[in-house]
Amino acid sequence: MPNDKTLHIPTPDGLADAYAAFPDGGGRHPAVLMYADGFGIRPVLREMARELAGHGYYVLVPNVFYRHGPAPVIELPEYIGEEARPAVIAQLMPLIEAHTAERTLRDADAYLRFLTTQPEVAAGPVAVTGYCIGGLLATRTAAAHPGQVAALAAFHGPVGADGPDAFTGITAQAHFGHAESDLTPETLGRLDEALDAAGVSHTSEIYPGTAHGFTMSDTDAFDSTGLKRHWDRLLPLLDRTLAGSR
């Protein structure tokens, strides 16, 4: 079983609580900065971080809404179904809207700097991955840190929300796994054109039959086939880009 712990990361705006999972047995491991979906750090995110750690990575999951309190910032039901979802989203939207691009980049600087100080983290490039709004945060982080971020992965995330110019500067190898309910093949084509124009080495695909949030087993959007495809795309990407840090 991987080790795990709760940490506090100093940022310009305070201390961000975070969850970290990493392989048992000592040594240093390549780092993955994992941005949660809007529902934040909770059992399913810890489980996903531990699973990734089991493949040989140090996985850091920050509470991006730390300015509003420690995770869970709002009370969450064990299962986020159709009845619970509207009230939960209504509570979360002000937090998501307050988390501006400027805040994202200030925090990303702090998270990546923190990773370089951890005794379990190997020197070398890192990966960033994210889910839902976390996919956008991961994309912003990769664009702002081209020399440090070697891999970028985002799942059911609004990665094009900042416009095509936002991809400029990304040197990471990228994979975007989209929910079928989130975009049309035509929209996917325009996104691919923007990524190509920015020179981003990437794969970008719609996962068949999926709804927004398909990776999260504690929601009614969960799709086990989509989650498996996510691991089938994510793990080889990390192996290709971070193998030199092992």
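Mentor: Helices (H or I, at least four residues) and strands (E, at least two) are DSSP runs, numbered from the N terminus. Histidine 156 lies in the loop between strands β6 (149–155) and β7 (173–179). The model is predicted, so local features need pLDDT of at least 70 and side-chain atom pairs count only at pLDDT 80 or more, while totals for chains, interfaces and linings use all residues. Residues are numbered from 1 along each chain as its sequence is written, and side-chain values use heavy atoms, with hydrogens and water left out.

Histidine 156 is not a glycine, yet its phi is positive, near 40°. Its relative accessibility is 1%, so it counts as buried (under 20% relative accessible area; exposed is over 50% and partly exposed in between, with a 1.4 Å probe and protein chains only).

Histidine 230 sits in helix α6 (residues 224–242) and is buried because its relative accessibility is 0%. Its side chain makes a polar contact of 2.7 Å with that of tyrosine 131. Such a contact is a pair of N or O atoms within 3.5 Å; within protein, one must be able to donate a hydrogen and the other to accept it, and residues adjacent in sequence count only if both atoms are side-chain atoms. Beyond its neighbours within four places in sequence, histidine 230 is in contact (heavy atoms within 4.5 Å) with Met48, Tyr131, Phe155, Tyr207 and Thr215.

Cysteine 132 lies in the loop between β5 (126–131) and α4 (133–144). Cysteine 132 also has a positive phi, about 55°, without being a glycine, and is buried at 19% relative accessible area.
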